[in-house]
Amino acid sequence: MNYTNLQGQVANVKPHYQPSAQSLRLIILLILVMGVAPSPALTAGCPARCICDDQLVVQCAGQHLTAFPNDLPLATRQLIISNNRIVELPPLQLNYLSDLVYLDCSNNSLTEISMSTFGNLGKLAYLDLSFNTLTRIEDRTFGPLSSLVMLRMTDNPGLSDIHPDAFAKNSALQVLDVSRNNLTVLNISSLIALPTLRSVGLSGNSWSCDCDNEDLCLWVHIEAFKFQDEGQTVCRGPPDLQGQRLGELGLQLRSRCHQGLGFWDYLFFLVIGFVIFAAGTVSAWAIGVVMVLYERYVKKKSEQMDPDDEIEQDAGPGTGGGGGHHANPRGNGDLKNTGHMVV
C-alpha cells in the first residue's frame with residue numbers, strides 16, 4: 001500500500017516538474033539571445049529546397065532556383081548550386097561563408113563575375129563556373145582566392161576575353177580548364193608565372209594562330225605535358241593553318257613573326273643613313289660659313305676704326321707745332337724790330 005501511494009504521489013508530482021524545467025530552459029535561452037543579439041546571418045539555418053548535412057555540405061543542385069539561396073549556415077564548407085537558373089552570385093551573401101572550400105556553380109545562367117564576388121573566400125580551393133553565360137573575366141577577378149587549387153570555366157559560349165592579370169594572385173592554382181569557350185587569344189603572362197600550375201585545358205576554342213598568339217603556341221610546344229588535351233587544341237585561323245595543333249606551330253610562328261631584314265629594309269636604312277649624313281654635312285658647312293662671315297665682319301669693322309684713331313693722334317702734335325711755327329716769326333720779327341730799334 002505504501003508503494004502504491006508512493007507511485008501515486010510521484011505521478012502527481014511529475015506533471016508539475018516538467019513544465020517548470022521547460023520554463024527554466026526557455027528563460028535561459030531568452031537571456032542568451034538577448035545578451036548576444038546575433039544578426040540574422042548568424043542565426044541562418046538550411047535554405048528551402050536544399051539539403052544540409054552534418055558534414056557542413058549544402059546540396060541545392062537541380063532545384064530550379066533562380067536566385068542564390070538565402071539562410072545558408074555560416075559554417076558551410078561545401079556548397080553545390082549546380083543545374084539551376086541562378087543569374088548572379090551576390091557578394092554580400094556569398095562572402096559570409098568565409099569557411100567555404102568547395103563551390104560548384106556549374107550549369108546556371110551567370111553572366112558576369114565582379115571583383116568583389118569572392119572578396120572573403122580565402123579558403124576556397126575548388127570553383128566550378130562551367131556551363132554558364134560568362135562573356136568576360138575582369139582584372140584580378142579571382143585575386144582574393146589565394147587558396148584556389150582547381151578552377152573550371154568550360155562551356156561558356158560567349159566567353160571571349162580573359163584579362164591578362166585575372167590569375168595573377170592565384171599562386172596555389174594547379175588545374176585550370178577553359179575548354180570549349182569562344183577564346184581566340186590568351187595572354188599567358190600571369191599563367192607562366194604560377195609556380196604550381198600543372199594542368200591546363202584549352203581545347204574547343206577558336207584559336208587564332210597568328211603573331212598575337214605566338215607566346216601561347218610556344219608555351220604549348222615547350223610544356224606540352226601540362227596540356228592534357230593538346231591533341232585537340234587546334235587553330236581556327238588563318239585558313240592556311242586551320243586544324244593544325246598549337247604545339248606544332250610554336251617554332252613556326254616564332255620564325256614567321258621575327259623574320260630577318262629584307263632588301264627593302266636594308267634599302268630603307270641606307271637611305272635614312274644617307275639623309276642623316278647629308279643633313280650633318282650641310283649643317284656643318286652652314287655653321288662654318290656663318291663663322292667665316294662673322295670673322296670677316298669683325299675684322300672689317302676694326303680696320304674702319306683704326307684710321308680715325310691715327311688722324312686724332314696726328315692732329316694734336318701738328319696743332320702745337322703750328323702754334324710754335326707762327327710764334328717764331330712773330331718773335332723773330334720782334335727781335336728784329338728790337339734790334340733795329342737798338343741800332
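## Thr 141

Where is Thr 141 found? Thr 141 lies in the loop between β6 (136-137) and β7 (150-152). Strands here are DSSP runs of E, at least two residues long, and helices are runs of H or I, at least four, numbered from the N terminus.

Thr 141 counts as buried because its relative accessibility is 0%. Buried means under 20% relative accessible area, with a 1.4 Å probe and protein chains only. The side chain of Thr 141 reaches the backbone oxygen of Glu 138 at 2.8 Å. Leaving aside neighbours within four places in sequence, Thr 141 is in contact (heavy atoms within 4.5 Å) with Ile 113, Ser 114, Met 115, Phe 118 and Ala 166.

## Basis of the model

This is a predicted model; local features need pLDDT of at least 70, side-chain atom pairs count only at pLDDT 80 or more, and totals for chains, interfaces and linings use all residues. Residues are numbered from 1 along each chain as its sequence is written, and side-chain values use heavy atoms, without hydrogens or water.

## Whole protein

The protein has five helices and twelve strands. Of its 343 residues, 29% are buried. Among contacts between residues at least 6 apart in sequence, 53% join residues at least 24 apart.

## Helices α3 and α4

Helix α3 (residues 214-222) packs against helix α4 (residues 250-257) at an angle of about 145°, and their axes are 7 Å apart. Axes are lines fitted to C-alpha atoms over the stretch in contact; angles run from 0 to 180 degrees between N-to-C directions.

From α3, Glu 214, Cys 217, Leu 218 and His 221 take part. They meet Gly 250, Leu 251, Leu 253, Arg 254 and Cys 257 of α4.

Note on methods: Buried < 20%, exposed > 50% of the residue type's maximum accessible area, 1.4 Å probe, protein only. Polar contact = N/O pair within 3.5 Å; in protein donor to acceptor, adjacent residues only side chain to side chain.
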